[in-house]
Amino acid sequence: MPRYYEDKPEGGACAGVKEDLGACLLQSDCVLQEGKTPRQCLKEGNCQALKYSFFECKRSMLDTRSRFRGRKGY
């Protein structure tokens, strides 16, 4: 489950999504039971929703339209 923050987390715009993605990977069965690295589990397709959210957050930082509309919140 994603954790929502009352104030912005330290470390940048996408830090909350990044932290949730890391926690999801570390708690997945791929890491805990199979003993693989989180990078291998991410490539295999675990935590896809958070991976996509993190990608969209990073992409929105480069989007010039976000200067006017604002970044999409997490």
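**Bridges and core of a predicted chain**

This predicted model has 3 salt bridges by count.

Biologist: Which residues do the salt bridges join into one network?

Modeller: Start with K36, which pairs with E34 at 3.3 Å between the closest N and O atoms. E44 also bridges to K36, with its closest N and O atoms 2.6 Å apart. Salt bridges that share partners make one network, and its members are E34, K36 and E44.

Biologist: Is E34 buried or exposed?

Modeller: The cut-off for exposed is over 50% relative accessible area. E34 has 51% relative accessibility, so E34 counts as exposed.

Biologist: And K36, buried or partly exposed?

Modeller: Buried would need under 20% relative accessible area. K36 is at 28% relative accessibility, so the class for K36 is partly exposed.

Biologist: In which helix do E56 and R59 lie?

Modeller: E56 forms a salt bridge with R59, and the closest N and O atoms are 3.0 Å apart. An α-helix has 3.6 residues a turn, so residues three or four places apart point the same way. E56 and R59 are 3 residues apart, about one turn, and both lie in helix 4.

Biologist: How many disulfides does the whole structure hold?

Modeller: Take the pairs in turn. C14 joins C57, C24 joins C47, and C30 joins C41. A search of the whole structure gives a count of 3.

Biologist: What pattern do the disulfides follow?

Modeller: Bonded cysteines are counted along the chain. The links are C14 to C57, C24 to C47 and C30 to C41. The pattern is 1-6, 2-5, 3-4.

Biologist: How many residues apart are C14 and C57?

Modeller: Their sulfur atoms are 1.9 Å apart, in a disulfide. C14 sits in the segment before helix 1, and C57 sits in helix 4. The pair links distant parts of the chain, with a separation of 43 residues.

Biologist: What handedness does the disulfide of C30 and C41 have?

Modeller: C30 lies in helix 2 and C41 in helix 3, so the link ties together parts 11 residues apart in sequence. Both cysteines are buried. The torsion about their S-S bond is about -90 degrees, so the disulfide is left-handed.

Biologist: Which elements give two or more residues to the largest nonpolar core?

Modeller: In soluble globular proteins, nonpolar side chains tend to be buried together. Here the largest nonpolar core has 7 residues: L21, L25, C30, V31, C41, C47 and L50. Among the residues that C41 touches are L25, C30 and V31. The elements giving two or more residues are helix 1 and helix 2.

Biologist: What covers the buried residues of helix 1?

Modeller: The buried residues of helix 1 are A15, G16, V17, D20, L21 and L25. Their cover includes helix 2, helix 3 and helix 4.

Biologist: How far apart are the end C-alpha atoms of helix 1?

Modeller: Helix 1 runs over residues 15-26, which is 12 residues.

Technical notes
Residues numbered from 1 in each chain as written. Predicted model: local features only at pLDDT ≥ 70, side-chain atom pairs only at ≥ 80, totals over all residues. Heavy atoms only, no water. Helix = DSSP H or I, 4+ residues; strand = E, 2+ residues; numbered from the N terminus. Expected span 1.5 Å × (residues − 1). Buried < 20%, exposed > 50% of the residue type's maximum accessible area, 1.4 Å probe, protein only. Contact = heavy atoms within 4.5 Å. Disulfide = S-S within 2.5 Å. Core = buried A, V, L, I, M, F, W, Y, C linked by side-chain atoms within 4.5 Å. Salt bridge = Lys/Arg side-chain N within 4 Å of Asp/Glu carboxyl O.
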